[in-house]
Structures are given as C-alpha cells and as structure tokens.
Amino acid sequence: MREEMEKRNREMVSMLKHRGVIKSETVERAFLSVPRHLFVPEEYASYAYEDVPLPTLKGQTISQPSIVALMLEELDLKPRHRVLEIGAGSGWNAALIAHIVKPGRVITIEIDRDVAEFARRNIRKMNLDNVTIIEGDGSLGYEAEAPFDRIAVTAACERVPEPLFRQLKEGGKLIAPVGSVYSQMLTLFEKRGKIRAREILPCIFVPLRGKYGTE
C-alpha cells in the first residue's frame, strides 16, 4: 500500500511539473515528502493523487494539488520564514509549508474545533515540530506572532481582512481567493509601502468564516 501510494505521488508530481505548475525543487521536495493520502479520510485515500479537491469533514475540502502547488510557488517561501495560514483544513497545506520553511514556523488558524483536531491528528503523522494549529477566528489573523513573512488564506473572502495586511511584514506576500461565495480570483498581494495586487486565476474555495468572513 505504502509503495503504491509513493508511486502515485511521484506520478502526480511528475504530471504537475510537466504542466509547469511545480517549478521549484523546494515545492517538488515538499510534495514528495508530505503524502496527501495521509490527510484525507480513509474512504477517499484511493483518490488522493488525482488532481481534484476531496471532501474531508463538515463540508470542508482538501484543495486540488495543482492549486496548492501554484499557491506555494507564488508565495516564494524560504527557510526561516514565519508563515500564517488562515484555514487549517486537513493540515496538508500547513505541512507542505512547514517542510519548505523549516526551521521557520507555520501558524495555522481554524475556526471549527472538529476540523482543527482533524488537522492536528494529520500533522502528528508527519512528526512536524514547526506547525502550530490554533482554534480561532482566522479573519483576525494572529497578532501575538505578527508580523509574518507570508500569509496564505485558504478560504474565499470578498476582500482580504484588514488585520491580515497589518500583520504582514514589509516586503511580505499574501495569497487569497478573493470574490463571492460562488466565484473567486486567486490573487497575490505584496506589501511594499503600499499593497500591490496581481490576479492569478479564477478559483473556488469554501467561504471564510469569522468577523471579517463571507458568512
């Protein structure tokens, strides 16, 4: 089973490289080192290396690999970065980021208690010691650990919550799906004196919940 999953993971990574989605060795190594099937419910494990989103629990999903790879490449993550993720979900994205930025840190905030615990169980499978999962309102960011080199928002927002821009370092980057509940534009923001935005591609994410969320 393990060998078969490793083979399918390598095939998926090869496909994403061929499509030009995975461009860097750092993202490639992270994908090969953090198996996606460990982050999905057992009944969906056989689909883990298809380029599709999959259900997790309570209406949440694990994003499709090509979107996750694209976000990681656009963030240009470096070792020792301090990264904030809004929406822990399955924990897979946080684990990928943690692998890239080590010995840096990842703080991921999840508003739903059950989803946060699901992510914790998955992260423990990887023996990662540089990921902290916090149950709370991600739309408020996490002032106690700010500022952050990078921020990844993995839920749809009509506009990026202002606290997140305040908690982003000068020169830092933030990526988020911005738009309505039904249609968003994945957008990269860079803080250089002012906030500069660059649209990447249309996407669909579950809605951001919280004080500055879409619900």
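Visitor: What makes β8 and β9 a strand pair?
Guide: Two strands pair if there are at least two bridges between them. In this predicted model, nine bridges join β8 to β9 (residues 194-203), so the pair meets that cut-off. The two strands run antiparallel.

Visitor: Which residue of β9 is the bridge partner of Leu188?
Guide: That's Arg198.

Visitor: What lies between β8 and β9?
Guide: One residue, in a hairpin. Gly193 sits in the turn and has a positive phi of about 75°.

Visitor: How many bridges join β7 to β8?
Guide: Seven, between β7 (residues 168-179) and β8 (residues 184-192). With at least two needed, β7 and β8 therefore count as a pair as well. They run antiparallel, and Pro177 stands opposite Leu186 in β8. A hairpin of four residues makes the link from β7 to β8.

Visitor: Let's turn to charges. Why is the contact of Glu28 and Lys17 called a salt bridge?
Guide: The cut-off is a side-chain nitrogen of Lys or Arg within 4 Å of a carboxyl oxygen of Asp or Glu. For Glu28 and Lys17 the N to O value is 3.3 Å, so the pair qualifies. Glu28 belongs to helix α2 (residues 25-33) and Lys17 to helix α1 (residues 2-18), eleven residues apart.

Visitor: Why is Lys17 called partly exposed?
Guide: Buried means under 20% relative accessible area and exposed means over 50%. Lys17 is at 40%, so it falls in between.

Visitor: How do you know that Arg19 forms a salt bridge with Asp51?
Guide: Their closest N and O atoms are 2.9 Å apart, and that's within 4 Å, so it counts. Arg19 lies in the loop between α1 and α2, while Asp51 lies in the loop between α2 and β1, so the bridge ties together parts 32 residues apart in sequence.

Visitor: And is Asp51 buried or exposed?
Guide: Buried: Asp51 has 17% relative accessibility, and the cut-off is under 20%.

Visitor: What do the side chains of Asp114 and Lys58 meet in?
Guide: A salt bridge, at 3.1 Å from N to O, which again is within 4 Å. Asp114 is in helix α5 (residues 113-125) and Lys58 in the loop between β1 and β2, so this bridge ties together parts 56 residues apart in sequence. Asp114 is partly exposed, at 42% relative accessibility. Salt bridges with shared partners join Lys58, Asp112 and Asp114 into one network.

Visitor: How many salt bridges does a search of the whole structure find?
Guide: The search turns up 17.

Visitor: On to helices. How do α3 and α4 cross?
Guide: The axes of α3 (residues 65-75) and α4 (residues 92-101) come within 11 Å and cross at roughly 35°. The crossing of α3 past α4 is right-handed. On the α3 side the contact is made by Pro65, Val68 and Leu72, and on the α4 side by Trp92, Asn93, Leu96, Ile97 and Ile100.

Visitor: How do the residues of that contact divide into nonpolar, polar and charged?
Guide: Seven are nonpolar, one is polar and none is charged.

Visitor: Why is α4 called largely enclosed?
Guide: Because nine of its ten residues are buried, each under 20% relative accessible area. Among those buried residues of α4 are Trp92, Leu96, Ile97 and Val101.

Note on methods
Residues are numbered from 1 along each chain as its sequence is written. This is a predicted model: local features need pLDDT of at least 70, side-chain atom pairs count only at pLDDT 80 or more; totals for chains, interfaces and linings use all residues. Side-chain values use heavy atoms; hydrogens and water are left out. Buried means under 20% relative accessible area, exposed over 50%, partly exposed in between (1.4 Å probe, protein chains only). Axes are lines fitted to C-alpha atoms, for helices over the stretch in contact, and angles run from 0 to 180 degrees between N-to-C directions. A crossing is left-handed if the near helix is turned anticlockwise from the far one by less than a right angle, and right-handed if clockwise. Contact means heavy atoms within 4.5 Å. Ala, Val, Leu, Ile, Met, Phe, Trp, Tyr, Cys and Pro count as nonpolar, Asp, Glu, Lys and Arg as charged, and the others, Gly among them, as polar.
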